[in-house]
Amino acid sequence: MQSHAVLIAGAGPTGLMLAAELALAKIDVAIVERRASQALAGSRAGGLHSRTMEILDQRGVGDR
């Protein structure tokens, strides 16, 4: 079992942005997501919006 300094519940835009900011600050972070796969069938989310991608790119984590 691994331990992390921060555990984020949810890999949506908010969770991803928080994880990115913490990682940039050299804080060990893990993200957990309820979905068993990356499939979006039945989900209201269709992915990340272009503005979210722009902000992640500005912070230097968009390609990850």
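**Figure 1. Glu 54 and Arg 51 are separated by about one helical turn, being 3 residues apart in helix H2.** This is a predicted model, in which local features need pLDDT of at least 70, side-chain atom pairs count only at pLDDT 80 or more, and totals for chains, interfaces and linings use all residues. Residues are numbered from 1 along each chain as its sequence is written, and side-chain values use heavy atoms, with hydrogens and water left out. In this view, Glu 54 and Arg 51 form a salt bridge, with 3.0 Å between the closest N and O atoms. A salt bridge here is a side-chain nitrogen of Lys or Arg within 4 Å of a carboxyl oxygen of Asp or Glu. Side chains of opposite charge can pair when their charged atoms come close. Glu 54 is partly exposed, at a relative accessible area of 40%, and Arg 51 is also partly exposed, at 45%. The cut-offs for these words are under 20% relative accessible area for buried, over 50% for exposed, and partly exposed in between (1.4 Å probe, protein chains only).

**Figure 2. A salt bridge joins Glu 21 to Arg 59.** The closest N and O atoms of Glu 21 and Arg 59 are 2.5 Å apart. Glu 21 belongs to helix H1 and Arg 59 to the segment after H2, so the pair ties together parts that are 38 residues apart in sequence. Glu 21 is partly exposed at 29% relative accessibility, and Arg 59 is partly exposed as well, with a relative accessible area of 39%. How many salt bridges does a search of the whole structure find? The search finds 2.

**Figure 3. Strands E1 and E2 pair in the parallel sense.** Look for Ile 8, whose bridge partner in E2 is Ile 31, and for Ala 9, whose partner in E2 is Val 32. In a regular strand the side chains alternate between the two faces of the sheet. Together with helix H1 (residues 13-24), E1 and E2 make a right-handed β-α-β unit. Right-handed means that, with the strands pointing away from the viewer, the path from the first strand over the helix to the second runs clockwise.

**Figure 4. Val 6 is found in strand E1.** At 24% relative accessibility, Val 6 counts as partly exposed. Which residues does Val 6 contact, leaving aside its neighbours within four places in sequence? They are Leu 22, Ile 27, Asp 28, Val 29 and Ala 30, where contact means heavy atoms within 4.5 Å. Val 6 and Leu 22 are 16 residues apart in sequence, and their C-alpha atoms are 8.6 Å apart.

**Figure 5. Lys 26 and His 49 lie in loops.** Lys 26 is in the loop between H1 and E2. Although Lys 26 is not a glycine, its phi is positive, at about 65 degrees. Is Lys 26 buried or exposed? At 75% relative accessibility, Lys 26 counts as exposed. His 49 has its place in the loop between E2 and helix H2 (50-58), and His 49 counts as exposed at 61% relative accessibility. From His 49 to Pro 13, the C-alpha to C-alpha distance is 8.7 Å, while 36 residues separate them in sequence.

**Figure 6. The elements of the protein chain run β-α-β-α from the N terminus on.** The protein chain has 2 helices and 2 strands, taken as DSSP runs (helices H or I, at least four residues; strands E, at least two) and numbered from the N terminus. Buried residues make up 14% of the 64 residues. Among contacts between residues at least 6 apart in sequence, 35% join residues at least 24 apart. The mean pLDDT (the predictor's confidence in each residue, from 0 to 100) is 82, and 81% of residues reach 70 or more. Confidence is highest in E1, at a mean of 95, and lowest in H2, at 85.

Methods. Pairing = 2+ DSSP bridges.
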